[in-house]
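Here are a few friendly notes to read alongside the model.

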Amino acid sequence: MITSQSFGITKDGHEVTAFTITNHKGAKLVVLDYGAVMKDVVIPDRSGNPVDVALGYDELTDYEENPPRFGAVIGRSANRIAGGKFTLNGQEIQLAVNETKTGNNIHSGPDFYEHRMYRASVNEKNNCISFTLNTPDGDQGFPGAFDLTVTYMLTEENKVKIHYEGKSDKDTVVNITNHAYWNLNGSGTAMNHLLQIRAENYTPVDEHFIPTGELASVENTPFDFREPRTLAENTAVGGEQIGFTGGIDHNFVLEGDGLRCVAVLTGDQSGIAMTVLTDQPGMQVYTGNFIRGPKGKGGTEYAPRDGVALETQHFPNSINTPAFASPVLRAGERYSTTTCYAFDIAD
């Protein structure tokens with residue numbers, strides 16, 4: 001079932017609608033046409049009690065600020081591009097340098113997709129909602145007019161599916177993800193969650209948070225989640241890489257191809273397990289090292305590491321790293337990728 005209600009009016013005078021998708025198992029997904037934000041993900045815990053497992057806000061004004069980018073769709077290119085520049089078809093493209101500490105462009109800011117209004121289309125039959133955004137040639141500095149559609153679906157099996165689809169009229173760079181922060185207990189630290197990732201390698205970074213181009217083994221590093229381990233246990237290992245980023249903020253080289261299971265996150269108190277499936281080559285794991293901003297849901301004072309982001313995407317700075325899978329979308333070609341969060345109760 002899908003219902004909708006007003007979620008307020010933006011500072012620019014746009015009315016925002018919150019769409020609520022529910023299933024017969026008591027799960028609920030709330031999404032906004034502002035930023036195509038995934039606001040709430042409510043899942044029954046091991047006792048049947050509803051738990052909102054996604055960090056976020058109660059008020060639209062807070063989403064207009066939203067420094068951590070809770071639940072936001074990130075585009076045209078997620079993650080970091082070194083120096084904010086790249087060369088495409090022999091032309092050097094200069095983006096804004098909006099991460100001043102490192103001198104990079106991050107998440108294609110400062111004119112972020114999370115602060116755009118999308119057109120909504122409801123599909124009751126399939127229990128899904130699509131949000132469409134049309135961006136002009138040169139938007140955020142990227143070549144090509146790019147049209148993006150983001151579709152959210154909640155199934156009867158408690159799966160939240162996100163499908164991204166788009167086209168550009170010029171060769172461009174496209175790398176879309178969702179920046180949800182997960183806390184499967186609903187509140188408190190997420191560092192005692194168990195995480196398992198099907199990745200033998202990760203991409204080390206330099207002091208500017210940019211991958212060195214190496215695919216390094218996770219063995220004997222804080223990034224070895226081949227077996228379930230707590231985020232706290234691995235982060236405590238420390239080392240240069242953890243020192244660079246203040247915790248885990250690294251890309252994992254996912255095993256396999258196509259839509260497949262790549263990770264399982266389990267809440268230590270709720271018993272809720274979230275399986276991540278994607279067709280993307282990488283997943284940025286960010287332990288919320290610098291969460292800040294307005295008070296969260298119910299007046300909660302979110303602290304660093306109260307949520308973990310599992311961002312499925314192309315590798316950071318892949319446009320400048322020939323050894324990485326290319327994020328270039330050719331003119332007229334279809335961009336299409338799916339990520340699914342499947343919720344269950346851990347054994």
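1. A pocket here is an open set of points on a 1 Å grid over the protein atoms alone, where a 1.4 Å probe fits, with protein on both sides within 12 Å along at least five of seven lines. Points are joined across faces, edges and corners, and the volume is the space filled by probe spheres set on them. This is a predicted model: local features need pLDDT of at least 70 and side-chain atom pairs pLDDT 80 or more, while totals for chains, interfaces and linings use all residues. Residues are numbered from 1 along each chain as its sequence is written, and side-chain values use heavy atoms, without hydrogens and water.

2. Lining the largest pocket are 26 residues, and Arg69, Arg80, Glu99, Ile106 and Tyr286 are the closest to its centre. A lining residue has an atom within 4 Å of a point. By class, nine are nonpolar, eight polar and nine charged.

3. For the second largest pocket, the volume is about 160 Å³. Its lining includes Thr10, Lys11, Asp12, Tyr34 and Arg116, and splits into two nonpolar, three polar and four charged residues.

4. Do look at glycine 56, in the loop between strand S5 (50–52) and helix H1 (60–65). Beyond its neighbours within four places in sequence, glycine 56 contacts (heavy atoms within 4.5 Å) Tyr63, Phe70, Gly296, Lys297 and Tyr302. Its C-alpha atom is 7.1 Å from that of glycine 71, 15 residues apart along the chain.

Terms used
Nonpolar A, V, L, I, M, F, W, Y, C, P; charged D, E, K, R; others polar. Helix = DSSP H or I, 4+ residues; strand = E, 2+ residues; numbered from the N terminus.
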